[in-house]
Amino acid sequence: MPKALPASPAEPASYEAALQELEQLMARIESGQLPLDQMLTGYQRGASLLAFCRERLDAVQDQIKVLDDGQLQPWTQE
């Protein structure tokens, strides 16, 4: 019998924590072993985590623009 999805805090502690939780959640959903109601709950949590990650990435991108005088420069490995 599959385990129930753990109760998760409303907002992850960091981008990395959100990404890790999202990856684990996707693996459980893709396994096909979750009951329908848990799959729906997992999907909703995944959507929330994805939005959190996108917001964090956008914030970092905005900070980079400020550091580069308003222009987002392509990243190159030096």
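Ala 17 is partly exposed, with a relative accessible area of 30%, and its place is in helix α1. This is a predicted model, so please read each value below as computed from that prediction.

**Around Ala 17**
- Cys 53 is 36 residues away from Ala 17 in sequence, and their C-alpha atoms are 9.7 Å apart in space.

**The nonpolar core**
- Cys 53 is also one of the eight residues that make up the largest nonpolar core.
- At least two residues of the core come from α1 (15–30), and at least two come from α2.
- Helix α1 gives the most to the core, with four residues.
- In soluble globular proteins, nonpolar side chains tend to be buried together.

**The salt bridge**
- The structure holds one salt bridge, and its partners are Arg 45 and Glu 21.
- The closest N and O atoms of Arg 45 and Glu 21 are 2.9 Å apart.
- Arg 45 lies in helix α2 and Glu 21 in helix α1, so the pair ties together parts that are 24 residues apart in sequence.
- Arg 45 and Glu 21 are both buried.

- Asp 58 belongs to helix α2, which spans residues 36–67.
- With a relative accessible area of 44%, Asp 58 is partly exposed.

Key: Residues numbered from 1 in each chain as written. Predicted model: local features only at pLDDT ≥ 70, side-chain atom pairs only at ≥ 80, totals over all residues. Heavy atoms only, no water. Buried < 20%, exposed > 50% of the residue type's maximum accessible area, 1.4 Å probe, protein only. Core = buried A, V, L, I, M, F, W, Y, C linked by side-chain atoms within 4.5 Å. Salt bridge = Lys/Arg side-chain N within 4 Å of Asp/Glu carboxyl O.
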